[in-house]
Amino acid sequence: MTDATTTGYAPVNGLQMYYEVHGSGQPLVLLHGNLSTIGVDFGGIIPSLAKSRQVIAVEQQAHGHTTDIDRPLTTQNWTDDTVALLRHLGIERADVFGYSSGSAVAMQIALDHPELVGKLVLASTSYRNEGLHPELMENIEEVRPEHLAGSPFEQDYARVAPNPGDWPKLIEKINEMNANLPEWTADQVKANAAPTMLIIGDSDIVQPEHIVEMFRLF
């Protein structure tokens with residue numbers, strides 16, 4: 001792999017899944033959050049990461065460049081799609097960095113396919129829904145297009161999506177996804193064999209005490 005950027009679409013599970021490969025070295029997979037794109041979540045750090053790593057960034061079903069299909073958005077589907085993409089690219093083992101819902105995908109990959117994951121970085125993550133701020137949970141299924149008007153999410157979707165007019169449909173499917181957020185038991189978290197870094201922001205959706213609890217399980 002050269003230092004040049006490669007982009008493409010992989011045929012996985014009925015999708016044409018968009019991906020980018022930057023740099024060379026040990027593979028590092030980047031997994032974005034709900035309603036986002038590679039550019040919004042990782043555009044600012046990819047150049048630095050690609051100086052020493054082969055950075056593989058993906059866009060999940062209905063997000064960014066990847067067109068939607070007639071299938072619900074779920075963490076398990078995104079996990080299976082990501083694993084299929086890595087196999088398509090011939091990646092046998094990689095470190096995985098997931099942000100928000102991407103961290104849930106990263107966790108599920110580590111549990112389902114431990115042989116594929118070297119290290120995990122989980123940003124803005126939780127393993128139980130009660131770890132999220134209660135105020136967020138009260139409104140998590142009620143996002144409307146007008147709530148995100150002018151946001152980086154809306155703007156980047158309009159810029160790169162094959163069908164920019166599908167933005168309201170994506171928000172509707174994300175609301176359905178948020179009604180069934182994944183959870184894991186403490187024993188499942190303990191079963192994760194990958195060395196793991198947890199990241200939380202100053203104004204995060206996750207309660208700090210929950211991250212401390214999760215840290216102790218690792």
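This is a predicted model: local features need pLDDT of at least 70, side-chain atom pairs count only at pLDDT 80 or more; totals for chains, interfaces and linings use all residues.

Author: Residues are numbered from 1 along each chain as its sequence is written, and side-chain values use heavy atoms, with hydrogens and water left out.

Reader: How many residues of α4 are buried, and against which elements do the buried residues pack?

Author: Buried means under 20% relative accessible area, exposed over 50%, and partly exposed in between (1.4 Å probe, protein chains only). Ten of the twelve residues of α4 are buried, so the helix is largely enclosed by the rest of the structure. Taking contact as heavy atoms within 4.5 Å, the buried residues of α4 pack against β3 (26–31), α3 (75–88), β5 (94–99), β6 (117–123), α8 (186–191) and α9 (208–217).

Reader: Which residues have the most contacts inside the largest nonpolar core?

Author: A nonpolar core is a set of buried Ala, Val, Leu, Ile, Met, Phe, Trp, Tyr and Cys residues joined through side-chain atoms within 4.5 Å. The largest one has 48 residues, and α4 gives the most to this core, with six residues. The residues with the most contacts inside the core are Leu31, Leu120 and Leu170.

Reader: Are the planes of the Tyr157 and Trp167 rings stacked, edge-to-face or tilted?

Author: Rings of Phe, Tyr and Trp (its six-membered ring) pair if their centres lie within 6.5 Å; planes under 30 degrees apart count as stacked, over 60 as edge-to-face and the rest as tilted. A search of the whole structure finds three aromatic pairs. In one of them, the centres of the Tyr157 and Trp167 rings are 5.1 Å apart and the planes stand at 45 degrees, so the pair is tilted.

Reader: Which helices does this pair of Tyr157 and Trp167 tie together?

Author: Both Tyr157 and Trp167 are buried. The pair ties together parts ten residues apart in sequence, because Tyr157 lies in α6 (residues 152–160) and Trp167 in α7 (residues 167–178).

Reader: With which side chain does the side chain of Thr125 make a polar contact?

Author: Thr125 is found in the loop between β6 and α5 (134–139), and at 4% relative accessibility it counts as buried. A polar contact is a pair of N or O atoms within 3.5 Å; within protein, one must be able to donate a hydrogen and the other to accept it, and residues adjacent in sequence count only if both atoms are side-chain atoms. At 3.0 Å, the partner of the Thr125 side chain is the side chain of Ser103.

Reader: Is Ser203 buried or exposed?

Author: Ser203 lies in the loop between β7 (196–199) and α9. Its relative accessibility is 78%, so Ser203 counts as exposed.

Technical notes. Helices (H or I, at least four residues) and strands (E, at least two) are DSSP runs, numbered from the N terminus.
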